[in-house]
Every structure is written in C-alpha cells, then in structure tokens.
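Please look at the sequence and the model first, and then follow the points below.

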2 protein chains.
Amino acid sequence: MSANPAAASYLGGVRILDLTQFEAGPSSTEVLAWLGAEVVKVENPKGGDPGRSSFRGAPGQDSWYFLLFNANKKSVTIDLKSPRGLALVKEMAARADVFVENFAPGAIERLGLGYEAVRATNPGIVYAQVKGFGAGSPFERGLAFDMIAQAAGGVMSITGESDGPPIKPGTTLGDTGTGMLLAISILGALYRRKTTGEGERLELAMQDAMLQYIRVAFAATATTGAPAQRNGSKLLSGKAAPSGVYPCKPGGPNDYVYVYTSRANPAHWRRLLEVIGRADLIGDPRYETVQARAQHEEEVDAIVAAWTRQHDKREAMRLISAVGVPAGAVLDTLELHEDPDFEQRGIMQVMRHAECGDFKMPAWPVRHGGRTLPLAPAPLLGEHNEAVLGDWLGFGVGEVAKLRQDGVI
Amino acid sequence: MSANPAAASYLGGVRILDLTQFEAGPSSTEVLAWLGAEVVKVENPKGGDPGRSSFRGAPGQDSWYFLLFNANKKSVTIDLKSPRGLALVKEMAARADVFVENFAPGAIERLGLGYEAVRATNPGIVYAQVKGFGAGSPFERGLAFDMIAQAAGGVMSITGESDGPPIKPGTTLGDTGTGMLLAISILGALYRRKTTGEGERLELAMQDAMLQYIRVAFAATATTGAPAQRNGSKLLSGKAAPSGVYPCKPGGPNDYVYVYTSRANPAHWRRLLEVIGRADLIGDPRYETVQARAQHEEEVDAIVAAWTRQHDKREAMRLISAVGVPAGAVLDTLELHEDPDFEQRGIMQVMRHAECGDFKMPAWPVRHGGRTLPLAPAPLLGEHNEAVLGDWLGFGVGEVAKLRQDGVI
C-alpha cells in the first residue's frame with residue numbers, strides 16, 4: 001500500500017525495490033512514490049542511506065537532504081553482507097515490479113543482485129541502474145558525484161563569465177537531472193509492461209544525462225564548429241541586447257532583474273523604453289534594430305540599468321512584465337522559501353516528520369487536476385520492516401523480531 | 001504509426017496532439033516520441049514552430065535548434081485562425097490520447113481549445129500545459145523564456161562566483177528541465193488511463209519546475225536560515241577541500257579538471273596525495289582532517305593545482321579516478337561532439353535530415369535493453385499532412401488537396 005492514498009491511482013500497485021542512495025537514484029524513485037508507487041528503500045541497518053547524515057540538521061536526526069529526496073517512501077533495513085539478508089532481498093526482488101540501484105560500478109553484481117541474477121527469478125522486472133559513466137566509456141569504472149558529471153558532461157564549460165573559469169551551476173543537475181530522465185524511461189517501460197508483461201534493463205550514466213540539458217549549446221557548436229562559450233548571464237547564442245541581469249535597489253547580492261528582449265519581437269524594445277521612461281529613444285537609429293543594439297550593447301545595458309537601479313527587483317519585474325516584455329527578478333532560496341505564493345499553490349509543502357518536525361520543501365510541481373500531489377514524510381530508518389516484510393514476504397511479527405534479534409535487519 | 005518502429009513498443013498506439021513551440025513543450029513531447037508515441041505537431045502553415053528559424057543553420061532550412069527538440073515527430077500544418085482549420089484541430093483533439101500546449105497565457109482558451117472545450121468532446125484526454133508562472137501566482141500573466149524561469153526560480157541566485165553577480169547556467173533548464181518533469185506526469189497519467197480510461201488536466205509552470213532542481217539549496221537555507229550563496233565551482237554546502245576546478249595544461253578556457261574529495265571518505269585525500277607525488281604530506285596535521293583542510297583551503301588548492309598544471313585534463317582525470325578519487329575533466333561541447341565514445345554508445349546519434357543533411361546530436365541517453373532508442377528526423381513543415389489527416393480523420397488525398405488549395409493547411 002502506498003503511503004500516499006490520494007495519489008495511489010497513478011502507479012497504485014506498482015512495487016519498487018529501491019537500493020539507491022544520495023540523490024540521483026533517490027530523486028528518481030521519489031517521483032514514482034509521489035505518483036503512488038510503493039517505493040521500499042532497502043537500507044543498511046547501521047545508518048542507512050548515507051544521505052541521512054549529509055547536510056545534517058540536528059545531530060542524530062535525518063538530514064534535510066534526506067527528507068528532500070525520500071518523501072513518500074518506505075524503509076526496510078537489511079544487512080546485505082549477511083547471507084540471510086541477501087536472501088531476503090532476493091526474495092523481495094522476485095516480487096517487485098521495478099528494481100533500482102545506483103551503487104558504485106560492479107557493486108550490485110558482486111552482491112549477486114545483477115540484472116541476470118534478478119531476471120532469473122523475475123523475468124518481468126524493470127531493472128534500472130544509474131552510474132557515473134556509461135558501460136563502454138573509457139571512464140566506466142570511475143566514481144562520479146554530481147559535480148563530476150557536470151564537469152565531464154559539458155555543463156560547466158558553458159557556465160561562468162566569459163573571461164573566467166568554468167563554474168558549477170548551483171543546481172544538482174548531475175544528480176536530480178539524471179534522476180528525472182531515468183524516471184521517464186522507467187515509466188515508459190512500465191507502460192509497455194502493463195500490456196506485454198515484459199521487463200527490461202535500463203541504464204543511465206550521469207555524464208550522458210547531462211548532454212540532454214545542454215542541447216542548445218550543441219546547436220551553437222554545429223553552427224560555429226567551435227566549443228560553445230561561457231557568457232555570464234547572457235545568451236550562448238549571439239547578442240540580444242538588452243538581455244541579462246540588471247542591478248536593482250538596494251544592491252544586495254541577489255538584487256537583480258533579468259530582462260530579455262526577443263530578437264524575434266521588435267515590440268519588446270519599444271515597450272521597454274516606454275516603461276523605463278525613455279520613449280525619447282524610440283526610433284533612435286543607434287538602438288532601433290537588433291544589429292544596432294548589439295553594436296551598442298554597453299550603452300543599451302547602461303540605459304536599462306539606470307532605471308532598474310531605482311527599483312526593487314520585484315517591482316521592476318512587475319512593471320516590465322506588465323507591458324509584455326519578459327522579466328524575472330533573481331529570487332533567492334530564502335525569498336522562495338518565505339513567499340506564501342508557493343505554499344498556497346501546493347508547490348512548496350510542509351513535511352510533517354515525526355523526529356525532524358515540520359520541514360517546508362518543494363513538492364512535485366506539476367498540478368494534476370488542479371492540485372499538486374500530496375507530500376508524505378520520508379521514512380525513519382527501518383520504519384516499515386514489519387509492514388513490508390509482512391506484506392511482501394508474508395512474515396509474521398515473530399519472524400521479523402527474530403531477524404532483528406539476529407542482526408539481519 | 002510511429003516514425004520509429006523499433007521503439008514503438010513503449011508508447012505504441014498513443015496519439016499525441018502537439019501544439020507546442022520552442023523548447024519547453026517540444027522537449028517534453030520529443031521524449032514521448034522517442035518512446036514510440038505518435039506525436040503530431042500542429043504548426044502554422046506560414047513558417048511553423050518559430051523554433052524552426054531560431055539558431056538558424058543555413059537560410060531557408062530548419063535550424064539545428066528545431067532538429068534537436070523535434071526528432072521522431074510528425075508535422076501537420078493547420079491555420080488556427082481559419083474556422084475550418086480550428087474545426088480540424090478540434091476533430092483531431094477528439095481523437096488524441098494526449099494534448100500538449102505551451103502558448104502564452106490565455107491563448108489556447110481564446111482559440112476555443114481550452115481544457116473544458118476539449119474535454120467536452122474527449123473526456124479521456126490527458127491535457128497538458130506549460131506556462132511561465134503558475135495559475136494563481138502574482139505573475140501568472142507574465143511571459144517567460146528559459147532565462148526568466150531560471151531567474152525567478154532561484155537557479156541564478158546560486159550560480160556564479162561568490163563575489164560576482166548571479167549567472168545563468170549554460171543549460172536551458174528553464175525549458176528542457178521543465179519539459180522532463182511534464183513528461184513524467186504525462187506518463188503517470190497515461191499509466192493510470194490505461195486501466196481506468198480517465199484523462200485529466202496537467203499544468204506546470206517553468207518557475208515552479210526550477211525548484212525541483214535546486215532542492216539541495218533549500219536544505220542549506222533550512223539549516224542556516226539564510227539564502228543559499230553562490231560559491232563558484234565549489235559546493236554550496238560548506239567546505240570540502242580539495243574540491244573544485246583545477247587548471248590543466250595547456251591552459252585553454254576549458255583546460256580544467258574537477259577534483260572532489262568526499263568529506264565522508266578520508267581515504268580520498270590520502271590517495272590523491274599519492275597520485276600527485278605528495279605522499280610526504282600524508283599525516284601532516286595541517287591537512288589531515290576535513291576541518292584542517294578547510295582551514296588551509298588555499299594551500300590545499302595550491303598543492304593540487306601545482307600537479308594538475310603539469311597534466312592534460314583527460315590525463316589528470318584518468319590518473320586521479322584510477323585511484324578511486326572522483327575526478328572529471330571539464331569537457332567542452334566540441335570535445336563531446338567529436339569524441340567517438342558517445343557515438344559508439346548511441347548517446348550521440350546522427351539525424352539524417354532530407355534538407356539539412358547529417359546532424360550529430362544527443363539522443364535519449366537511457367539504454368533500454370543495452371541500446372539507446374533510435375533517432376528519426378525532425379519533420380519538414382507539413383510533411384505528414386496527407387498521412388495524418390488520412391489516418392486520424394479519414395480524409396482522402398483529394399480532400400487534403402482542397403484544404404491546401406483553400407489555405408487551411
């Protein structure tokens with residue numbers, strides 16, 4: 001049974017055996033849990049998913065990091081180093097619809113839980129794996145974390161100031177960006193399986209996943225024959241002036257507004273001139289065309305900034321976007337956290353966690369039938385030992401107690 | 001029939017009526033096409049999806065940008081401003097399984113193709129929409145492009161040097177990042193629909209989608225009560241020295257290697273010292289613990305950089321990752337484009353396009369049963385008018401010719 005009855009109708013009845021940790025794997029199975037699948041994390045009885053102690057909140061409690069990526073899941077503790085524990089996991093794999101793992105290269109096979117082994121007892125399994133580098137890649141044995149994938153997958157090469165070093169974007173695209181793509185393929189495989197009963201093996205490398213998110217940079221390379229370049233907050237794809245972040249009042253580190261005037265819509269520039277009180281420049285040949293503005297980009301930027309500096313970033317966004325010119329205040333994570341708008345719309349929800357207390361976090365952002373999917377707490381370590389071993393394997397309370405006594409779970 | 005027989009088994013028989021343009025919507029429907037759905041783009045007979053002329057390759061040809069986000073789809077031209085054209089689209093909507101649009105706010109309703117109107121003739125429809133800002137948000141009427149979503153969705157606030165302005169990551173996360181999340185919800189809805197026949201409305205705002213990719217920054221804010229800060233290429237989450245990009249030979253703009261030593265694994269630092277020929281520093285109290293290295297971060301970075309400067313970035317990556325320390329060369333888009341590894345593994349594939357010629361691009365990166373899904377060409381404008389109007393609506397060749405003659409298609 002899902003921890004999330006209201007959403008259970010999407011993937012209700014789908015059992016996912018989740019041997020993932022940290023973020024790339026867990027972000028993938030979490031969205032399946034949000035859609036109502038029963039996602040059971042298998043964790044080491046000694047501490048569990050190492051994500052539980054990353055970015056720790058209070059000592060001895062699960063971290064915010066863990067809560068973020070494990071909402072709506074269940075947790076079972078099983079010692080994979082004990083023969084009985086391993087046998088338990090094999091029995092669970094035989095009863096699962098989906099198996100997901102993101103251990104270091106070769107680890108799952110050494111445990112005897114590789115694809116061929118699992119398929120032997122469960123031919124219909126959808127067996128999904130995340131690694132840092134693809135099988136057959138020169139680096140297939142290499143360890144990867146988020147930042148390694150972002151470096152080797154091209155993301156960093158196109159992020160930063162034009163005269164500065166590559167920068168890692170603040171997003172954990174190497175992890176969550178990978179997890180989202182894997183979730184799509186798992187769902188595709190489940191859809192087919194519903195008709196055919198066929199399972200299959202899915203493999204995704206974090207480096208490879210990055211290419212999906214920087215495809216526009218490959219368009220630039222195809223056009224120029226050169227590497228796509230970093231360009232600060234401006235476009236990779238040639239000049240569209242004005243375009244970029246402009247400083248706002250009162251001048252704090254995130255007091256900026258992004259203003260974009262599309263090259264395809266000449267009305268943007270004229271509307272912008274009106275809203276910033278420079279209608280006198282409408283028709284001025286120095287700025288009238290896309291080409292002219294590109295040649296005078298510094299002047300154009302100065303004209304826009306002279307106005308934005310007099311305004312709060314939200315006010316600037318409101319005024320500019322009201323006349324049909326794309327504008328976005330650079331909002332920081334505290335502003336987003338505190339803005340009641342996201343909570344009212346269900347984009348941010350409060351996880352009510354038995355030990356960690358209330359934690360407001362981004363929930364699944366798609367509205368289904370006018371509402372976002374409900375958020376349920378991330379599980380305590382081993383919280384569902386009795387329930388899951390009973391439900392999946394038919395174990396009684398006494399048998400589970402014995403397993404615990406013997407240190408297997 | 002899908003343009004992609006080998007993949008048709010995943011979403012074979014699923015008909016998607018695709019009224020999207022540019023990237024957020026098209027990236028979403030493209031992955032459904034890769035999985036074998038029949039995705040039919042409805043385009044303006046005069047020029048079609050404006051993405052066809054963005055980042056143009058050769059004059060008069062479809063752009064690389066368009067090819068990237070419209071692989072494996074079909075194209076039908078219909079003039080939505082003509083009553084007969086609009087009636088055609090309504091008939092197609094009545095026969096579709098999924099309807100997707102990402103017009104400016106209010107536009108689809110003004111066309112008479114809003115959710116209620118489509119549902120009236122097709123109660124089982126999965127009706128999906130992308131907007132810049134969510135319904136009920138203070139900015140719900142605002143236009144959004146990729147960079148606006150990245151500004152207002154927090155991404156830019158955590159990207160950049162610690163003493164510099166916010167930077168837009170080179171990824172088009174506001175577009176493709178949004179598209180991937182929408183695809184997940186569409187697949188969830190399709191999975192349920194296969195059993196229940198029920199459709200529903202899905203809505204995703206680009207601003208809201210960004211929160212999903214910066215969740216770790218919210219963990220930082222929950223811990224500190226302050227906005228998560230920019231930190232160049234280093235972690236948002238406190239110091240892990242050494243960690244970051246280190247310069248390599250011969251000193252070009254992307255000659256860097258990312259090196260990461262996990263705070264959870266003290267062996268990383270010692271292994272790194274050995275590989276860089278500084279085993280003499282093993283046990284040195286200035287560098288032995290995570291805390292000590294954080295205090296001496298500049299010295300630590302200098303020690304690592306002294307070695308990396310003597311090595312090519314790929315060689316540095318190879319040597320460091322071979323001893324079990326996470327390392328990633330900063331690869332640029334030309335290097336990724338030219339590396340035969342990606343083409344051999346099917347991560348990059350060549351689109352053989354009738355007018356644009358051969359175009360190598362990132363394909364869907366998940367391996368299904370050991371192979372990636374095949375790439376088929378993006379459609380020419382109106383290429384499938386006869387086939388689709390015949391197949392979906394039963395029109396004969398003569399009827400289609402008449403529609404063309406009358407300027408409806």
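Two strands are taken to pair if DSSP finds at least two bridges between them. In this predicted model, strand β12 of chain A, residues 367-368, pairs with β6(B) over 2 bridges in the antiparallel sense, and A:H368 has B:L202 in β6(B) as its bridge partner.

**The sheet**
- The strands of an open sheet of 8, with mixed pairing, follow the order β13(A)-β12(A)-β6(B)-β5(B)-β4(B)-β1(B)-β2(B)-β3(B).
- At the edges of this sheet stand β13 (371-372) of chain A and β3 (74-77) of chain B, and because each has a single partner strand, one side of each is left without a neighbour in the sheet.
- Helix α9 of chain B, residues 206-213, packs on the sheet, where it touches β5 (126-131) and β6 (200-205) of chain B, and the direction of the helix makes about 75° with that of β6(B).

**A parallel pair within chain B**
- Strand β1 (residues 15-19) and strand β4 (residues 98-101), both of chain B, run parallel and are joined by 4 bridges.
- Within this pair, B:I16 stands opposite B:V98 in β4(B).

**Where the chains meet**
- Contacts between the chains involve 115 residues of chain A and 115 residues of chain B.
- On the side of chain A that touches chain B, helix α8 (residues 173-196) of chain A gives the most, with 15 residues.
- Sorted by class, that side of chain A has 67 nonpolar, 34 polar and 14 charged residues.

Terms used: Residues numbered from 1 in each chain as written. Chains lettered and ligands numbered in written order. Predicted model: local features only at pLDDT ≥ 70, side-chain atom pairs only at ≥ 80, totals over all residues. Contact = placed C-beta atoms within 7 Å. Axes fitted to C-alpha atoms, helices over the stretch in contact; angles between N-to-C directions. Nonpolar A, V, L, I, M, F, W, Y, C, P; charged D, E, K, R; others polar.
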